Amino acid sequence: MREKKVENVEETAMRLLTERGVTLKDIAELVYFLQVPYHPDLELSVCLHNVERVVAKREVQNAILTGIQLDMLAEKKMLEGPLQEILERDESLYGIDEVIALSIVNIYGSIGFTNYGFIDKQKPGILEKLNDKSSGKVHTFLDDIVGAIAAAASSRLAHRAVNAE
């Protein structure tokens with residue numbers, strides 16, 4: 001009898017992001033949005049490298065797995081109320097989606113908090129698409145996770161730029 005191949009955490013996290021319509025390039029564009037005012041010669045490839053380094057962390061992969069699967073369960077109406085309705089509406093007072101996102105932001109220090117708060121309010125690029133409730137998709141956790149990865153990658157980039165000066 002053959003054993004089923006078990007996907008590793010990173011492969012599964014990347015697959016889920018892709019299936020939910022998010023690419024690492026989408027996240028790199030958010031990093032660019034956050035950092036180009038401070039680094040006018042910034043290239044998207046540098047942003048992408050920093051996103052890849054953030055997503056390589058196990059804590060980030062775990063947050064992706066947890067958040068996306070909760071979003072998927074809500075989409076399939078597989079949660080009990082009132083949690084089902086809270087996630088479908090992306091209720092502003094829920095806050096657990098932000099708590100998971102902050103676990104990502106925490107990895108690279110306090111600058112990540114300001115980056116995250118700013119991008120969460122602005123909702124540029126892929127974040128605007130993920131927040132579109134008319135699609136019928138539930139992205140209560142994913143939009144915050146994507147914003148947090150971008151904020152963490154921005155922090156990582158900023159710390160390395162300062163060290164390079």
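User: Where is the place of asparagine 50?
Analyst: In this predicted model, asparagine 50 has its place in helix H3.

User: What makes asparagine 50 count as buried or exposed?
Analyst: Its relative accessible area is the value to look at: asparagine 50 has 3%. Buried means under 20%, so asparagine 50 is buried.

User: Which residues is asparagine 50 in contact with, leaving aside its neighbours within four places in sequence?
Analyst: They are Ala153, Arg156 and Leu157.

User: Which residues is valine 51 in contact with, with the neighbours within four places in sequence again left aside?
Analyst: Valine 51 is in contact with Leu24, Ile27, Ala28, Val31, Ile149 and Ala153. Val51 is also among the residues that touch the most other members of the largest nonpolar core, which has 46 residues. Ile27 and Ile149 are in that group too.

User: Which helix gives the most to this core?
Analyst: That is H9, with 10 residues.

User: How do you know that the span of H4 agrees with what it should be?
Analyst: Let's compare two values. At 1.5 Å a residue, the 18 residues of H4 should span 26 Å. The end C-alpha atoms of H4 are 26 Å apart, so the two agree.

User: Which residues in H4 are buried?
Analyst: The buried ones include Val60, Ile64, Leu65 and Ile68, and also Gln61 and Asp71. Just after H4, lysine 77 takes a positive phi of about 55 degrees.

User: How many aromatic pairs are there?
Analyst: The count comes to two.

User: Why is the pair of phenylalanine 33 and phenylalanine 118 called stacked?
Analyst: Good one to work through! The ring centres are 6.0 Å apart, and a pair needs centres within 6.5 Å. The angle between the planes is 15 degrees; under 30 degrees counts as stacked, so this pair is stacked. Phenylalanine 33 lies in helix H2 and phenylalanine 118 in helix H7, so the pair ties together parts that are 85 residues apart in sequence.

User: What makes phenylalanine 118 partly exposed?
Analyst: Its relative accessible area is 41%.

User: How do you know whether phenylalanine 141 is buried or exposed?
Analyst: Phenylalanine 141 has a relative accessible area of 0%; that is under 20%, so phenylalanine 141 is buried.

How values were computed:
Residues are numbered from 1 along each chain as its sequence is written. This is a predicted model: local features need pLDDT of at least 70, side-chain atom pairs count only at pLDDT 80 or more; totals for chains, interfaces and linings use all residues. Side-chain values use heavy atoms; hydrogens and water are left out. A nonpolar core is a set of buried Ala, Val, Leu, Ile, Met, Phe, Trp, Tyr and Cys residues joined through side-chain atoms within 4.5 Å. Buried means under 20% relative accessible area, exposed over 50%, partly exposed in between (1.4 Å probe, protein chains only). Helices (H or I, at least four residues) and strands (E, at least two) are DSSP runs, numbered from the N terminus. Contact means heavy atoms within 4.5 Å. The expected span of a helix is 1.5 Å times one less than its number of residues. Rings of Phe, Tyr and Trp (its six-membered ring) pair if their centres lie within 6.5 Å; planes under 30 degrees apart count as stacked, over 60 as edge-to-face and the rest as tilted.
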